[in-house]
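Q: I would like to learn how to read the features of a model like this one. Can we go through them in turn?

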Amino acid sequence: MHPSTHAYEHGTDQLLRPLLLSLADDDFMLGYRDSEWTGIAPMLEEDIAMSSVSQDEIGHARALYEISVEMGRRATSDEEYGGSPKTIAREVDALAYGREKTEYHSSWLAEHHRGDWAFTIARRYLYETADEVRLEALSGSACTPLANVLTKVRREERYHTMHLRTWLDRLAASPAARPRLLAALHSLWPDALGFWEELEGEDSLVASGAMPLSSEAMRERWLTRITAELEEHGISGPDAGLTPRTGGRRGERSPGFEEFWAEVTQVYRLHPGATW
Amino acid sequence: MDMHVYEVFQQQKEGGALVHSGNIQAPDDRLAIHYARELYGRRGESVRLWVIPRDHVLELTDPDLLKPPFDRSYRSVEGYRLRDKLASVRAAREGS
Amino acid sequence: MAVETEATIEERTQAFRDHVTSGGKVEMTDWMPDEYRRSVLKFIEMHANSEIMGVLPEREWINRAPSVRRKLALTSKVQDEVGHGQLLYRLAEDLGKPREQMLEDLMAGRTKFHNVFHYPTHTWADVGIIAWLVDAAAILSQKALLTCSYAPYARTMQKICWEESFHIKHGYDIVLSMMNGTEEQRAMVQEALDRWWGPLMQFHGPPTPVEKDKDLAWRIKSKGNEQLRQEFLSMYVPRILDLGLSIPDPNLRYDEETGRWQYTEPSWEELRSVVTGHGPRSQERLAFRRLNYDQGEWVRQAVMTAS
């Protein structure tokens, strides 16, 4: 499938890169972090559910990396890409594991360690609701390959938000769990606001229609929504004067990333270029 | 702990029978749906699941009711041997 | 049973024994002798324990898988094993033992899990060898349970065997990729095989006379330990040698006359010691299980109280 749109014209791949990679890297990091529950979650049933969700996220990241790989190829040659699935997979791996740390565009919200179950649910809640707004807006992107992939992604995200809201309701309603949930939300607000940090070259992304809404406009939409939803649980949104924690979209990695990344790339770096 | 057991029935393709595939436990109906999806549908092997609280399943196994001892062959296809009768009718017709 | 009679327990037990030895099946709600219930429960409980302890060595590699595809495959394999644990604990719960009690007994070392999950993993090649050969050995045992007299267990094994078939291919794929790779990668596979061969040969247990094996008498399992080991060797020795790997047992050979594999007697003493909690990682893994179980206690409580 090679929809021919202006998205593939020379130069656009560089423009689109921060957008594609911020989406992909977020899903990738969060998928990794939540996959750490596999085998040790509080209940066997939840273990399986959380594992499915984390696999979905990594699957979404892979689909987005593929677009980036394909665009990179198109930009450097006039040929149809036509790489074999194996070559594409290798280039996706190089993109996923092989960049310098400063070349990742993930938000800190997605990068944090899974923490305890309350932290995981709070982070997922903030992330999924934000992602919902982002996917909704970007499904109308002028970059057709992106819009197409995101339409599919949104179908899979339905299960995630269903599952997540079940847990939010439960933790909020349990007297013993509620303080943990509130503490986790409190610690995460600056990162949740930082999720909406302006992307590199965002003005051009908006002007070209690749981003139908700016990060700021999406942030406002998201804040309105979750403030109303949290209010139903008697939970207040972020304080008005709170400073967002930013940097993730511009190559700064969160505390704890170094150790995490050393583990993730341990085997990959062992014999560069080897097949495993 | 207050967990409930749910029996899960699975339809593998449209139009097929809903076949009992096992059970799960969950604290309530909402999570039961999630766990049924995970345990019996995460590979795309189902098009429909029925998730039924075990308490609602009525079981009947009594052989006096299900396998009564006297002849019921008149109720089944096997109870009718027609070949010889048909042959006899044909023989009679040819002879006439 | 048909008509309520004044049958003694002995008579009922004998009738039950005749029923299962002639291939009859038992359902959860059927009457069964206590001894049968205990035997099936113990068997299933150890199987369930092995599933959830078996996830720990592989889980150590979930973050280190060297490609996106391997990452997804490994996560989903470990997830399957958790799923199998869930299915099997459910069966055992229906036989009368609460899940918390089973987990407590496991973590306290009162019940067992399979020997192979007491050992450490060293490299990515271990992930390949475990998924290929340990799972192959396990699936042979599991296939021998498809005819189990306890029908709910037999039905669950159908589902489990179906899911496990991808695990073996995933493991074989990892091993093949590495054997096609660099000299170092091939050496990693050989080293992993050398590490796992001993535990693999012990996996099915010491040869036990058929008449002394109660699980066979109750038709819980259908094949003896040595028969399973012979099947494993017949299927996998040729495949292992085919890759240019060598098997670390100078006495291993197929005896044409007896139609059986000869091999160096595995250390049954080591097996006994390992499964009773004295393996190289036994205590560490149980402690890790305990740590995570305790940390999840408030979540389980919250789920119960909020519902």
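This is a predicted model: local features need pLDDT of at least 70, side-chain atom pairs count only at pLDDT 80 or more; totals for chains, interfaces and linings use all residues.

Q: What pattern does chain A follow along the sequence?
A: The pattern of chain A is α-α-α-α-α-α-α-α-α-α. In total, chain A has 10 helices and 0 strands.

Q: What radius of gyration does chain B have, against that of a compact globule?
A: Here the comparison comes out otherwise. A compact globule of 96 residues would have a radius of gyration near 12 Å, but chain B has 24 Å. Along its principal axes, the C-alpha trace of chain B spans about 80 × 35 × 15 Å.

Q: What percentage of the residues in chain A is buried?
A: Burial is judged by counting neighbouring C-beta atoms, and a residue is buried if 20 or more others lie within 10 Å of its own. In chain A, buried residues make up 47% of the 276 residues. In chain B, 22% of the 96 residues count as buried.

Q: Is R73(A) buried, exposed or partly exposed?
A: The count for R73(A) is 19 other C-beta atoms within 10 Å, so this residue is partly exposed. R73(A) is found in helix α2 of chain A. As for its position in the fold, R73(A) and D13(A) are 60 residues apart in sequence, and their C-alpha atoms are 9.2 Å apart in space.

Q: What percentage of the contacts in chain A joins residues at least 24 apart?
A: This share is taken among contacts between residues at least 6 apart in sequence; in chain A, 75% of them join residues at least 24 apart. For chain B, the share of such contacts that join residues at least 24 apart is 44%.

Q: What span should α1(A) have, and how far apart are its end C-alpha atoms?
A: With 24 residues, α1(A) should span 34 Å, and its end C-alpha atoms are 34 Å apart, so the values agree. The helix does have a kink of about 35°, centred on P18(A). α1(A) is also mostly covered, with 20 of its 24 residues buried.

Q: What does the same check give for helix α1 of chain B?
A: Helix α1 of chain B covers residues 29–41, and its 13 residues should span 18 Å; the end C-alpha atoms are 17 Å apart, which agrees. Among the buried residues of α1(B) are L31(B), H34(B), Y35(B) and L39(B).

Q: What covers the buried residues of α1(B)?
A: To answer this, one looks at the elements in contact with those residues. The cover includes α2 and α6 of chain A, β1, β2 and β3 of chain B, and α3 of chain C.

Q: How many bridges join β1(B) to β2(B)?
A: Strand pairing is read from the bridges. There are 7 bridges between β1(B) and β2(B), which run antiparallel. One of the positions to look at is V19(B) in β2(B), the bridge partner of Q10(B). β2(B) is mostly covered, with 6 of its 8 residues buried.

Q: How many residues does the contact take from chain A and from chain C?
A: An interface can be read by residue count, then by element, then by class. This contact takes 40 residues from chain A and 41 residues from chain C. On the side of chain A that touches chain C, α1, α2, α3, α6 and α10 of chain A each supply at least two residues. α2(A) gives the most, with 10 residues. By class, this side of chain A divides into 21 nonpolar, 11 polar and 8 charged residues.

Q: How many residues does the contact take from chain A and from chain B?
A: The contact takes 6 residues from chain A and 9 residues from chain B. On the chain A side, α2 and α6 each supply at least two residues. The largest share, 4 residues, comes from α2(A). This side of chain A has 2 nonpolar, 3 polar and 1 charged residues.

Terms used. Residues are numbered from 1 along each chain as its sequence is written. Chains are lettered from A and ligands numbered from 1 in the order in which they are written. A residue is buried if 20 or more other C-beta atoms lie within 10 Å of its own, exposed if 12 or fewer, and partly exposed in between; C-beta atoms are placed from the backbone. Two residues are in contact if their C-beta atoms, placed from the backbone, lie within 7 Å. Ala, Val, Leu, Ile, Met, Phe, Trp, Tyr, Cys and Pro count as nonpolar, Asp, Glu, Lys and Arg as charged, and the others, Gly among them, as polar. The expected span of a helix is 1.5 Å times one less than its number of residues. The bend at a residue is the angle between axes fitted to the seven residues ending there and the seven starting there. The radius of gyration is taken over C-alpha atoms; the globule rule is 2.2 Å times the number of residues to the power 0.38. Two strands pair if DSSP finds at least two bridges between them.
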